[in-house]
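Please look over the sequence and the model below before reading on.

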Amino acid sequence: MSSFTAAPTNFLANSANSSRNHHHRRRNHTTTTTNLTSSSTTSIKCSLSSSSPLSQNPKPTTTKKSNILLSKPFIGAVSASVASLLIFSNPILDNNGGGSGGLGGTGGFGGGGGGGGGGGGGDGFWSKFKFLSPAIANADESSNQEWDSHGLPANIIVQLNKLSGFKKYKISDILFFDRRRQVTVGTEDSFFEMVSLRPNGVYTKTQLQKELETLATCGMFEKVDLEGKTNPDGTLAVTISFLESTWQSAEKFRCINVGLMQQSKPIEMDTDMTDKEKMEYYRSQEKDYKRRIERARPCLLPVNVEREVLQMMRDQGKVSARLLQKIRDRVQTWYHDEGYACAQVVNFGNLNTKEVVCEVVEGDITQLVIQFQDKLGNVVEGNTQLPVVRRELPKPLRQGQVFNIEAGKQALRNINSLALFSNIEVNPRPDEKNEGGIIVEIKLKELEQKSAEVSAEWSLVPGRGGRPTLASLTPGGTVSFEHRNLNGLNRSVLGSVTTSNFLNPQDDLAFKLEYVHPYLDGVYNPRNRTLRANVFNSRKLSPVFTGGPGVEEVPPIWVDRAGFKTNITENFTRQSKFTYGLVMEEITTRDESSHISANGQRVLPSGGISADGPPTTLSGTGIDRMAFLQANITRDNTKFLNGAIVGERNVFQVDQGLGVGSNFPFFNRHQLTMTRFIQLKDVEEGAGKPPPPVLVLHGHYGGCVGDLPSYDAFTLGGPYSVRGYNMGELGAARNILELGAEIRVPVRNTHVYAFAEHGNDLGSSKDVKGNPTEVYRRMGQGSSYGVGVKLGLVRAEYAVDHNTGAGAVFFRFGERF
C-alpha cells in the first residue's frame with residue numbers, strides 16, 4: 001500500500017521539496033507552520049453592471065441589480081486562478097461588459113483575458129504561490145471519455161503501486177477513513193474539499209499518485225494512504241485513509257497581513273544532516289519566522305472575530321487540521337462579507353507554540369491606473385483631465401488601501417454621475433512587481449462631446465366646421481443641443497428651443513441656454529461647488545385662474561417668464577446639497593389670444609367674456625419685473641431596495657425679494673417638504689428578490705410674507721398636490737398645508753397602492769390680491785382618497801373627490817412623491 005507521512009515542520013510546506021522528506025518527526029520545541037490547501041482552485045468573481053442611462057443624478061435601475069458572486073474560498077494556498085475580479089459598468093451601450101474575458105477579465109486575477117476560469121497568461125502575483133497549490137488530478141470532463149477495466153478479480157484491495165501505468169481507471173466511489181476515530185467520514189466533512197478526485201472520473205496512475213502526494217504534503221495529515229477496491233463492472237472504489245495532523249493546544253490567536261511582504265523561500269533540509277545541524281536548521285527557521293511576524297502588519301480582522309476564534313480554540317483543546325479549516329472559514333467569511341473580496345488566508349504559523357498565527361493576503365492597492373479607450377477598446381489619450389476622475393474615487397480605492405468591492409461599486413456610481421462616459425470598468429489585477437499587491441485599472445470610454453436632438457410632436461387643431469383637416473396638422477416639438485466637457489473639466493453648454501407650432505413659433509416659443517461650470521474652487525479643491533448660469537423664456541398655464549366645482553369654464557391665463565438666473569450648488573455629501581443664487585425676470589400674463597391681460601377673465605351668463613377678474617400682476621399692467629434671491633437645501637437619503645424607494649427626503653426653499661422691480665416688490669416666500677418612505681417588512685436584498693411593502697408619509701407647507709403677485713400664489717389640487725382634483729381646483733392662497741399618505745404593496749413586478757390626501761389654505765386665500773379663490777368659487781380646502789397601480793412609467797388611479805363625492809380615473813406619468 002502506498003502511503004506518505006506529511007512534514008508539518010516545513011515552512012510553507014513546499015510540495016516539491018517536502019515530498020523528499022516525508023518522515024521527519026515533529027519536534028515540540030520547533031515553530032511549525034502549515035499550508036492548508038485545496039486541490040480544487042477557487043474562483044472569486046466580483047461583478048457589478050449598470051445599464052441605466054447616464055445622467056447628472058442617475059437612479060439605480062430596477063432591471064439590473066448589482067451582483068457579487070463569491071465562490072467559497074478554500075484553505076490557505078492561493079492558486080494561479082484563485083481570485084478573478086472584474087467590476088464593470090455599461091451605462092449606455094450594451095450589457096456585455098467591457099471586459100475581455102469573463103472570470104479572467106482583462107488581465108485579472110484569473111490570468112489575462114481568454115474567458116471564464118482564468119484564461120491564459122498573466123499569472124501575476126498568484127503564480128508566485130504555485131508551491132502552495134497541490135497538483136490537481138483533473139479528470140477528463142467529457143462524458144464519452146474512454147476508460148479501461150482494471151482486469152482484476154472483483155472485491156479485492158489493490159495498492160496504488162500495483163496499478164498499471166498504461167490504463168485509465170474509472171473511479172466509482174471515493175471514501176475518507178479517519179484512522180484516529182476509526183470511522184468513515186461523509187462528503188460533508190471539510191477534508192473532502194482537499195480532494196480533486198470525483199466519482200465517475202477517469203484517472204491515470206500518475207494522476208492518482210500526484211493526488212496522494214498533494215494530500216501528504218499539504219500539512220493537513222500526519223499520514224495518508226490511498227487504496228483501491230475492484231468492482232465487478234471494471235471500476236475502482238477509492239478509499240483515502242488518513243491520520244489528521246494535530247499540534248499542542250494554543251492560548252493566543254494572532255492575525256497578520258503578509259501582503260506586499262517578500263515571500264520566504266523554503267530551504268531544503270538535507271537528509272544527511274547531523275542532529276546538531278538539524279537543530280540549527282530548526283532554530284534558523286524559527287528565527288526567520290519570528291522576524292517575519294514582527295515585520296508584518298496587523299490585519300483588519302476585528303477584535304470580536306478574534307475572540308470568537310479563541311473560543312473555538314479553547315473548546316477544541318489541541319489544535320487540529322479541522323480546527324484550522326474552521327478558523328480559515330470564519331476569517332475569510334468576515335473578509336468577504338465586508339467586501340474584501342480578494343482577501344485569502346494563505347498560511348498558519350507557530351502551530352507548536354501557545355500562539356497560532358494566521359497569515360492573510362488582504363489585497364493592498366499599490367497603484368491606480370486610469371485609461372481612456374476608443375470604441376474598439378484601444379488605449380487613447382482622453383479629453384477628460386485625470387483630476388476630474390480621481391476626485392470621484394472613494395478613499396478606500398486609493399493607493400495604500402485594501403481593495404474593497406463596495407469601494408469599486410461606489411467608484412462606478414460616482415464616475416457614472418459625471419455623465420461623461422459611455423462605458424466604465426474598474427478592473428483589479430495583481431501587481432507583478434509587488435507581492436500581494438493589486439493594481440486597480442479604471443477604463444473609460446468617453447461620450448461624444450457634441451450632440452443634438454430633435455423631438456417632434458403633432459397636435460390636431462380644429463379646422464373649418466370644427467373638424468381637423470390635413471392643413472390643420474400643426475407640428476411642434478423641441479430642438480436641443482449640448483457641448484459637454486469643455487477643456488476636459490466637465491464644463492458644458494446646453495440649449496433647447498420648444499414650440500407647439502413650428503410653422504408659427506412666435507406664439508409660444510420657449511428657449512433655454514445654460515452654462516454649467518463645476519469645480520468652481522478648482523479641480524484639486526475638495527470643496528464641491530458648481531456654477532450654473534442660464535437665460536430663459538417659458539410659457540405656462542396659470543392654475544391660479546381656474547374654476548371650482550359647477551363653475552363654467554374659466555378663460556385661461558398664460559404666464560410668460562423671460563430672464564436670467566445664476567446659482568451655485570454646493571454638495572456637502574452625496575445626500576445633501578445647498579443651492580443659492582439670483583433670479584432676474586420679466587413676467588407677462590396673456591390671454592388665450594396671446595394678448596396682455598392685466599386681469600383674470602370670466603364668462604358672463606350671456607356668453608360674453610368679462611376681463612374684470614382678479615389682477616394678474618403686482619403692477620396691475622400685466623407686466624412685472626423683479627429680482628430676488630433664491631436658496632434651497634436638500635437632504636435625500638432615499639435608496640432603491642429591490643426596486644422600491646425607501647428612506648427619507650427633506651427640501652427647504654426660500655425666495656427673498658430685493659425690492660427691485662415693478663412696485664418695488666419685497667417678500668419672503670418659503671416652502672418645506674418632508675417625505676418618508678417607511679419599509680414595512682424586512683426583505684433580502686438582491687437581484688430578483690421581491691421589494692418590501694412601503695408606507696409613504698408626506699407633508700408640504702408653503703407660506704409668503706410681503707408682496708405676493710397672483711401668479712406666485714400657492715395653489716391646491718392636482719396630481720402633485722391633492723389627487724382627484726384639477727390643477728388649482730381647490731384654491732390659490734398665501735399659506736397652504738398639504739398632507740398625504742400612501743401604502744404600496746408589490747404585486748408581480750409592479751405595485752398597487754392606496755392613498756389619502758388633504759390640502760388646506762389655512763384661511764389665507766382672502767389675502768391673495770383679488771381673492772381668486774372666492775371669485776372662481778373654490779372651496780379653499782379638500783380631501784381625496786383612492787387606489788392605483790403602477791404600469792411602467794404610468795400611474796393609473798381611481799380617486800374620489802371628497803368635496804363632491806364623485807370619483808374619476810386618472811392616468812399620470814412619473815411619481816407623486
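**Charged pairs, cysteines and a surface patch**

Lysine 409 has a relative accessible area of 12%, so this residue counts as buried, and the model in which it is seen here is a predicted one. Its partner is glutamate 406, with which lysine 409 forms a salt bridge whose closest N and O atoms are 3.2 Å apart. The relative accessibility of glutamate 406 is 35%, and therefore this residue is classed as partly exposed. Both residues belong to helix α8, which spans residues 405-416, and they stand 3 residues apart, about one turn of the helix.

Side chains of opposite charge can pair when their charged atoms come close. Across the whole structure, a search finds 37 salt bridges. In one of them, arginine 322 meets aspartate 178, with a distance of 3.4 Å from N to O. This pair links distant parts of the chain, since arginine 322 is in helix α6 (residues 321-337) while aspartate 178 is in strand β6 (residues 168-178), 144 residues apart. Arginine 322 is buried because its relative accessibility is 13%, and aspartate 178 is buried as well, with a relative accessible area of 1%.

Another salt bridge joins glutamate 797 and arginine 723, and here the closest N and O atoms lie 2.9 Å apart. Glutamate 797 sits in strand β40 (residues 794-801) and arginine 723 in the loop between β35 and β36, so the pair ties together parts of the chain that are 74 residues apart in sequence. Both glutamate 797 and arginine 723 are buried. They also belong to one network, in which salt bridges that share partners join Arg723, Glu742, Arg744, Glu757, Lys790, Arg795, Glu797, Glu815 and Arg816.

The loop between β35 (714-716) and β36 (731-733) also holds glutamate 729.

Turning to the cysteines, the structure holds 1 disulfide. It is formed by cysteine 255 and cysteine 299, whose sulfur atoms are 2.1 Å apart. The torsion about their S-S bond is about 140°, and so the disulfide is right-handed. Distant parts of the chain are linked by this pair, with cysteine 255 in strand β12 (residues 252-257) and cysteine 299 in the loop between β13 (297-298) and α5 (303-316), 44 residues apart. Cysteine 255 and cysteine 299 are both buried. Cysteine 342 is buried too, with a relative accessible area of 1%, and cysteine 704 counts as buried because its relative accessibility is 4%.

At the surface, a nonpolar patch with about 880 Å² of accessible area together is formed by Val454, Val479, Phe481, Val497, Phe502, Leu509, Phe511, Leu513, Val535, Phe564 and Met584. The elements that contribute two or more residues to this patch are β22 (473-486) and β24 (510-517). Valine 535, one of the residues in the patch, lies in strand β25 (residues 529-541). With a relative accessible area of 34%, valine 535 is partly exposed.

Conventions:
Residues are numbered from 1 along each chain as its sequence is written. This is a predicted model: local features need pLDDT of at least 70, side-chain atom pairs count only at pLDDT 80 or more; totals for chains, interfaces and linings use all residues. Side-chain values use heavy atoms; hydrogens and water are left out. A disulfide is a pair of cysteine sulfur atoms within 2.5 Å. Helices (H or I, at least four residues) and strands (E, at least two) are DSSP runs, numbered from the N terminus. Buried means under 20% relative accessible area, exposed over 50%, partly exposed in between (1.4 Å probe, protein chains only). Patches are made of residues with over 30% relative accessible area and no salt bridge: like charges are joined within 9 Å, nonpolar side chains (Val, Leu, Ile, Met, Phe, Trp, Tyr) within 5 Å. Accessible areas come from the Shrake-Rupley method with a 1.4 Å probe; for residues, only the protein chains shown count as cover. A salt bridge is a side-chain nitrogen of Lys or Arg within 4 Å of a carboxyl oxygen of Asp or Glu.
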